[in-house]
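Hello,

Here is the structure we talked about handing over. Please open it alongside this note; my findings follow below.

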Amino acid sequence: EIKRGVADVMSDTSPAGLARSIEIDNLMLKYEGMDRRLAEQIATEINPRKKADIIAMVEQTIEMGNKGMSGDDIIQTFKNTPRTKQANGGLSYLMGM
């Protein structure tokens, strides 16, 4: 795992590449047990709102696990949670929304 991380850092030594690598490492340290693939997806997300939503979901998942919920229970909770309706207006009427 360490060799893979070093190889990843050395593959892109640009300032942006190093910043991304540091962010991935920080996410994996902050959220113990986080998969490297998920950390990479979060670090490369360009939409700050979506990135914040993903991190909030990770924190909620960890908190539910700490309260004793099983993985299946956590998944069902997220599936059963209604999503906020998207806003209408602007040009959305052209798309039939």
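**How the helices pack**

Helices α3 and α4 run roughly antiparallel to each other. Their axes cross at roughly 150 degrees and come within 9 Å, and an angle over 145 degrees counts as roughly antiparallel. The crossing of α3 past α4 is left-handed. On the α3 side, the contact uses Leu 38, Ile 42 and Ala 43. On the α4 side, Lys 51, Ile 54, Ile 55 and Val 58 take part. By class, that contact has 6 nonpolar residues, 1 charged and no polar.

Please keep in mind that this is a predicted model.

**The chain overall**

The chain has 5 helices and 0 strands. Read from the N terminus, the order is α-α-α-α-α. There are 97 residues, and 18% of them count as buried. Take the contacts between residues at least 6 apart in sequence: 29% of these join residues at least 24 apart.

**One face of α3**

Helix α3 covers residues 36-44. Its buried residues are Arg 36, Ala 39, Ile 42 and Ala 43. Viewed down the α3 axis, the buried residues fall within an arc of 125 degrees, so they line one face of the helix.

**α4 against α5**

Helix α4 spans residues 48-66, and helix α5 spans residues 71-80. Their axes come within 10 Å and cross at roughly 135 degrees. That makes α4 oblique to α5. This crossing is right-handed. From α4, the contact draws on Met 57, Gln 60, Thr 61, Met 64 and Gly 65. From α5, it draws on Ile 74, Thr 77 and Phe 78. By class, the contact has 4 nonpolar and 4 polar residues, with no charged ones.

**A closer look at Phe 78**

Phe 78 sits in helix α5. Leaving aside residues up to four places away in sequence, Phe 78 touches Met 57, Gln 60, Thr 61 and Met 64. Phe 78 and Met 57 are 21 residues apart in sequence. In space, the C-alpha to C-alpha distance between Phe 78 and Met 57 is 9.0 Å.

Best wishes

Methods
Residues are numbered from 1 along each chain as its sequence is written. This is a predicted model: local features need pLDDT of at least 70, side-chain atom pairs count only at pLDDT 80 or more; totals for chains, interfaces and linings use all residues. Side-chain values use heavy atoms; hydrogens and water are left out. Axes are lines fitted to C-alpha atoms, for helices over the stretch in contact, and angles run from 0 to 180 degrees between N-to-C directions. Helices (H or I, at least four residues) and strands (E, at least two) are DSSP runs, numbered from the N terminus. Angles under 35 degrees count as roughly parallel, over 145 as roughly antiparallel, 65 to 115 as roughly perpendicular and the rest as oblique. A crossing is left-handed if the near helix is turned anticlockwise from the far one by less than a right angle, and right-handed if clockwise. Contact means heavy atoms within 4.5 Å. Ala, Val, Leu, Ile, Met, Phe, Trp, Tyr, Cys and Pro count as nonpolar, Asp, Glu, Lys and Arg as charged, and the others, Gly among them, as polar. Buried means under 20% relative accessible area, exposed over 50%, partly exposed in between (1.4 Å probe, protein chains only). The arc is that of the directions from the helix axis to the C-beta atoms.
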